[in-house]
Amino acid sequence: PEMFNNYFWKEKFTSYNFIQLLKKVTYGVRDGRSISYSDFLTLNEKFPVKVEQTKIADLFKIIDNLITLQQRKLKQLKRLKTAMLQQLFVEKNSKLPILRFKNFNGDWKQCKLGELVESLFQGINTAADKVEYSNNGLPIIQAKNITSGSLDFSGSRKLSVQKYSNYLDKYIPQKGDILFANIGTIGPNVILKDTRQFFIAWNILRIVPQKNINGEFLKITLDLLNSKHYFEKLLTGNATKFVNKNDMRNLPIFFSDPEEQNKISNLFKKLDFLITLQQNKLTQLSTLKKYLLQKMFI
């Protein structure tokens, strides 16, 4: 009809106020919600004249186009990172990568992860140790806190430093350590870039690289193996699957000389920064749209 702008109504039907109205009149159908066509037609909705509808619709078109553009950029950056992982690292049956920085020659070497690290520690077994949480102290993080590729302390509980002082050396990671999820959730990992203190729980493996090893390079290698589903071959356990420490120690790692490791790790630092920046832009736009959906519709 002449009095309606279709794009305006498309957005209105996803607005906060309209969804709240639907909740009052819908009824459950299995796991979802439903409303009959006749009931839908009886909903009493307020709307502006078509000129204002069009103005609002045009604003949301701009935002939707920006969101689509940012999603496309984010996808392209992630594809670029995947391509670089495949091109800049040595495959199983090769000694040279497909793509290489200028002035680097010579075969890559292979060794076991255990030969490149000072130690591997599993986190605190909170059930077996019967730990008691407290309101104050240091947070204890689980595998779920690193699945996004960065440390997320939301939802973490706390342990008293005084009560569990014997845990300090083993279960509090240091800057440069790699935290690897090896129980339940397998593969996500982060490298610590600051000195904030916290405990790690039983489903995180703390990997302490040797002083002469580029930890960033080692972390990227773990990312590459995870992207190729390598750790799925090592799974053991019944109800809860895990990769044990010995299998991690025997993990085959291909590496080049330190200068080339630095070049590669710096490239991926820049890519990760751009991916995070792009993700933040997308989050901000999505938050803006959600806010406007709440404020621009009655």
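Is the crossing of α6 and α8 left-handed or right-handed?

## Two helices that cross

The crossing of α6 and α8 is left-handed, a word used when the near helix is turned anticlockwise from the far one by less than a right angle (clockwise would be right-handed). This is a predicted model, where local features need pLDDT of at least 70, side-chain atom pairs count only at pLDDT 80 or more, and totals for chains, interfaces and linings use all residues. Residues are numbered from 1 along each chain as its sequence is written, and side-chain values use heavy atoms, leaving out hydrogens and water.

Helices here are DSSP runs (H or I, at least four residues), numbered from the N terminus, and strands are too (E, at least two). On the α6 side, Glu216, Phe217 and Ile220 make the contact (heavy atoms within 4.5 Å). They meet Gln261, Ile264, Ser265, Phe268 and Lys269 of α8.

## Rings that pair up

Searching the whole structure turns up nine aromatic pairs; rings of Phe, Tyr and Trp (its six-membered ring) pair if their centres lie within 6.5 Å, and planes under 30 degrees apart count as stacked, over 60 as edge-to-face and the rest as tilted. Phenylalanine 89 and tryptophan 108 are edge-to-face, because their ring centres are 5.9 Å apart and their planes at 75°.

Ring pairs also join Phe89, Trp108, Phe217 and Phe268 into a cluster.

## A glutamine tucked away

Now for glutamine 70, which sits in helix α4 (residues 50–88). It counts as buried because its relative accessibility is 9% (buried is under 20% relative accessible area, exposed over 50%, partly exposed in between, with a 1.4 Å probe and protein chains only).
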